[in-house]
Structures are given as C-alpha cells and as structure tokens.
Amino acid sequence: MPMTRTRTTPPSAAGTTAAAVRTAALPAAALLLALCVPAPAAARPAAPALPLPARMADTGGGGQLITARARTPRDTTGTVAWWERRNGRWRRAGWAPARFGAGGLTEGRTRVQGTSTTPTGLYDLPFAFGLAPAPPGTTVPYRRVGANSWWCEDNASTSYNRWVAPLPADCAAAESEHLADYPTQYDQALVTGFNYHRPVHGRGAGIFLHVQGKGATAGCVSVPAGAMARILSWVRPSRHPHLAIGTAHGPTALTRY
C-alpha cells in the first residue's frame, strides 16, 4: 500500500504568511487611528494691530494727535504721523519722514539745554509762526516772522522760552534765535508746549515742529515743507491737538505717554 503523505507548511513559510497578514492589516489600523484623531483647528487670522494712538497711555484728550517716533533714542530720523479720532476710533490722516535732534532723543522731564536732544513726551501746540503766510485752511493762531522776531533762549531772562519782538534788554541775542535767520526751517512752524507754560530754566527752549533743513535739528522735530503745510491746514484748535514724541520701545516709548 502506498504511503499517505500529509502536506505541511514549512516554518519559514508560516512566518512569512503571518507577517504578510500583519502587514496587510497595518494600513487599515492606521486609517482607523487617523479617523479617531481630531483634525487640527483651522488657523485663525491674526487680529489687526490697534492704531498707535489707541495703544498710548494718554493722547491729550482731544480729537487730533501728531506722533513723532524714532526707532531708538540714538536715532536722528523717524516718522511723523497725524491722526484723527472719529466715532471713537483713531485713523491716520497722513504721515511724513522726520528728523530729530543731532543728539537723538531724551526724556523731556530731565532734558538739559544745549544737548541738541529732542525731548520726548506729550505736548500741546500753543500757536504757529512762519516767514511764509499761513497755508490755506489754517485755523491755529499764526504769527508772521518779521525783522524783530526772536525766540528768547537766555536762561537769565524773564522772557525765557518765549516769542519776543523786539528782543528785550534782559535777553542776550547770542543766547537766542533770530527767527528770520532761518528762512528754510522757519518758513512754517508749530510751537510745542515743551517747557513752555511753566518754564524751567536750563531745560531747553525753542522746541518746534518745523520744515526740514539740511540735516538733524538742534532738538526740534522737522518734516518736509509740503508735510508742514498740510499739518498746519489740518490742525484744529477746537479739537485740542497734541504732539507726542518718543521711540518705538523702551523707557521713552510713545506708548508710555
């Protein structure tokens, strides 16, 4: 009688078959796992940054604000922008490149006269002046510069940090500015309230927003002539405009004022 043979699967073949089954099951398991993992939430668009005045500690309480900002206290250039508040929101009305003092910027409350630094802080705008006529639409008080127009910067004078015409006896010409001697810068200008209402002698005088000359200023803020004319036409005393001077970051950051 012939021998009956039983067919068996070699061990190696059995292992291969089991592995194949496990491998075939992997995609299905991975798919099941993927279905169980929640899909990532859709990325939300970044909220738009608030306008600069809305991030400031104080804007003077009015409806108009001029900001003059440098990147750091050492910089002598930056940007001037003018803003309007309407319906509770600040909107930029214009901007221009700006120049600052040759010594950079410094905290206005501790500034020292003669350092060619621009004082940071928040200031009102008492009046404007210039050798040229006021631009059309100007409503801020505007004084024309004449041959006898001076800005007294003599620390020993009772007229310290004041427009005078003519120069008073107690104000030395060598310590003051004869405004007509600066036909470019003082073609049109705005007086800032820095050290103006209660002058501290030795802190500084004659800090204006005026037309740019050839370089950095002696402590003022300057803008191109066209921008200066637009600002003067735009300023409205009834809206209590202010000028804020500062840097992008640090102790003299605009947002701190």
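Are glutamate 84 and arginine 239 buried or exposed? Both glutamate 84 and arginine 239 are buried, where buried means under 20% relative accessible area, exposed over 50%, and partly exposed in between, with a 1.4 Å probe and protein chains only.

A word on the basis of these values. This is a predicted model, in which local features need pLDDT of at least 70 and side-chain atom pairs count only at pLDDT 80 or more, while totals for chains, interfaces and linings use all residues. Residues are numbered from 1 along each chain as its sequence is written, and side-chain values use heavy atoms, with hydrogens and water left out.

I continue with the charged pairs. The whole structure holds 4 salt bridges, a salt bridge being a side-chain nitrogen of Lys or Arg within 4 Å of a carboxyl oxygen of Asp or Glu. Glutamate 84 and arginine 239 form one of them, at 3.9 Å from N to O. Because glutamate 84 belongs to strand 2 and arginine 239 to the loop between helix 2 and strand 14, this pair ties together parts 155 residues apart in sequence. Helices (H or I, at least four residues) and strands (E, at least two) are DSSP runs, numbered from the N terminus. Glutamate 84 also pairs with arginine 86, with the closest N and O atoms 3.6 Å apart; arginine 86 is partly exposed, at 47% relative accessibility. Elsewhere, arginine 71 meets aspartate 75 at 3.7 Å, N to O, and arginine 71 is exposed, at 58%.

Next, the nonpolar interior. A nonpolar core is a set of buried Ala, Val, Leu, Ile, Met, Phe, Trp, Tyr and Cys residues joined through side-chain atoms within 4.5 Å. The largest has 29 residues, of which Ile66, Val80 and Leu190 touch the most other members. Helix 2 gives the most to this core, with 5 residues. Leucine 190 touches, beyond residues up to four places away in sequence, partners including Ile66, Phe127, Met228 and Ile231; contact means heavy atoms within 4.5 Å.

Finally, I turn to a glycine. Where does glycine 104 lie? Glycine 104 is in the loop between strand 3 and strand 4 (105–107), and is buried, with a relative accessible area of 0%. The C-alpha atoms of glycine 104 and threonine 118 are 6.3 Å apart.
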